[in-house]
Amino acid sequence: MASHLSDVWFSVTDLQVVSGKGSWVTTADGGEYLDFAAGIAVNSTGHCHPHVVAAIQRQAERFIHAQVNVYRHDLLEPLAARLAELTPDGIERFFYANSGAEITEAAIKLAKQATKRPNVIVFSGSFHGRTHLTMAMTTSKAGYRAGHAPVPSGIFVAPFPDPLAPDQDAGVDHALRGLDHLLASQTAPAETAAMIIEPVLGEGGYVPAPERFIQGIAERCAAHNILFVADEVQTGFGRTGEMFAVAHAGVEPDVLCMAKGIASGFPFSALGARAEVMARWPKGSHGGTYGGNPIGCAAALASIDVIAAPGFLDNVRARGQQLVAGLTKLTASDSRVHQVRGVGLMVATEFADAAVVEAVRVHCLEHGKLVLMNAGTYGTVLRWMPPLVVDEHEISLALDAFADALQSV
Ligand SMILES: Cc1ncc(COP(=O)(O)O)c(C=O)c1O
């Protein structure tokens, strides 16, 4: 039958799925697959967590849409209060939207309004979304921009330390010198509204930003009244074993972008900022029809109940360690693999060759019933982003599938 769907979506698998539960999805022909793509690091509470499902069902009977400019429904403030508790100190006021790109774009609109400055600095390997502005802020792969010029101006790209460099400390110094040079040569501090960074590059290849690098960026922002924006769309809500990944570096952002794991897959995103920064966003200068959708708020509150429950982050850390240890052991004497790295359940195996990544990924899918995705500018990274509720046995199953693939390709 001819498809009526657009061909613009690339496909990682051709699986036709009908349902999901925990770390597993079921296909139309009854197959069971271990889902280590997790909706691209979205289904952190697992597929269809009963607490989240019940909250969505309950809310659907009360209100599906109560437009935020017309009404204030009764979950808007409770969610903001909960986010204020969970987010880094100083992040107190919240704006809601529906996707990651919308929220990183909102962060830039806020930064421009709050500072009255025009420019933004991003870091090489970044992925902030696919709208025209966020595409201009995205440097992880040329393909995201190809054919879309012109993209908005005012975006400047600073270096990000190379995770494969033999001397990591020297790499951080070099990248910070590059940032200083950018401020001296292309976008003066007085012209720079914000620096936005993913604490762990996502699409760019699951590369943790070294702590000293993040601290150096935060210091430069503070020195020049530039807003320090953390894009925690992918790293937030426990993915790295901390509620938010900036905690690893001990820095406090001025603005925080959240999406993906926030609502277990219901389209929802949030922007947090210091109260004094949010107060400088002129009323009516930004908005959207669906932001703060009541079902989204219910899904977010229920997801947060699960993620903030005692022991949840311990599982993320323990399963992350199990995965990194297993991958390290399996690849120790395999010259095709350059590096195993990760923080929490944001784990990468970096290969020398993208063709090998693809062969391993396809073998895992076809023989191990394990769904994985790649990442990185050159497609040389196999990334591991299971639901955060993944258990020890499921990690073992995934490692077995990978071991088998490494033997076979
Ligand atoms: C760090 C980061 N920011 C922004 C986005 C864009 O989010 P969305 O695809 O929901 O627009 C992504 C998506 O992968 C992301 O990983």
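How do the residues of the shell around the ligand divide into nonpolar, polar and charged? The shell comprises three nonpolar, five polar and four charged residues; here Ala, Val, Leu, Ile, Met, Phe, Trp, Tyr, Cys and Pro count as nonpolar, Asp, Glu, Lys and Arg as charged, and the others, Gly among them, as polar. The structure is a predicted model, in which local features need pLDDT of at least 70 and side-chain atom pairs count only at pLDDT 80 or more, while totals for chains, interfaces and linings use all residues. Residues are numbered from 1 along each chain as its sequence is written, and side-chain values use heavy atoms, with hydrogens and water left out.

The ligand is surrounded by Ser99, Gly100, Ala101, Phe127, His128, Gly129, Glu198, Glu203, Asp231, Val233, Gln234 and Lys260; a residue is near a molecule or strand if one of its heavy atoms lies within 4 Å of it. Polar contacts are pairs of N or O atoms within 3.5 Å; within protein, one atom must be able to donate a hydrogen and the other to accept it, and residues adjacent in sequence count only if both atoms are side-chain atoms. A polar side-chain atom of Asp231 lies 2.7 Å from a nitrogen atom of the ligand, and a backbone N or O atom of Phe127 lies 3.3 Å from a nitrogen atom of the ligand. For Gln234, a polar side-chain atom lies 2.8 Å from an oxygen atom of the ligand. On its own the ligand has 390 Å² of accessible area, of which the protein covers 81% (Shrake-Rupley method with a 1.4 Å probe; for residues, only the protein chains shown count as cover).

Lys260, one of the residues around the ligand, is found in the loop between strand 11 and strand 12. Although Lys260 is not a glycine, its phi is positive, at about 35°. Helices (H or I, at least four residues) and strands (E, at least two) are DSSP runs, numbered from the N terminus.

Seven strands form an open sheet with mixed pairing, in the order 4-12-11-10-7-5-6; two strands pair if DSSP finds at least two bridges between them. Strand 4 (91–97) and strand 6 (155–158) each have a single partner strand and stand at the edges, so one side of each is left without a neighbour in the sheet. On average, neighbouring strands of this sheet are turned by 20° against each other, direction ignored. Strand 4 pairs with strand 12 (residues 269–274) in the antiparallel sense over six bridges, and Phe95 stands opposite Leu271 in strand 12.

Helix 4 (residues 100–115) lies across strands 4, 5, 7, 10, 11 and 12 and runs at about 25° to strand 12. Contact means heavy atoms within 4.5 Å; axes are lines fitted to C-alpha atoms, for helices over the stretch in contact, and angles run from 0 to 180 degrees between N-to-C directions. Elsewhere, a cis peptide bond with omega of about 0° joins Ala149 and Pro150, and Pro150 lies in the loop between helix 5 (132–136) and strand 6.

A further open sheet has four strands in the order 1-2-3-15, with mixed pairing. Strand 1 (residues 17–21) and strand 2 (residues 24–27) pair in the antiparallel sense over four bridges, with Val17 opposite Thr27. The two form a hairpin with two residues between them, and Gly22 in the turn has a positive phi of about 60°. Strand 13 and strand 14 also form a hairpin with two residues between them, where Gly344 in the turn has a positive phi of about 60°.
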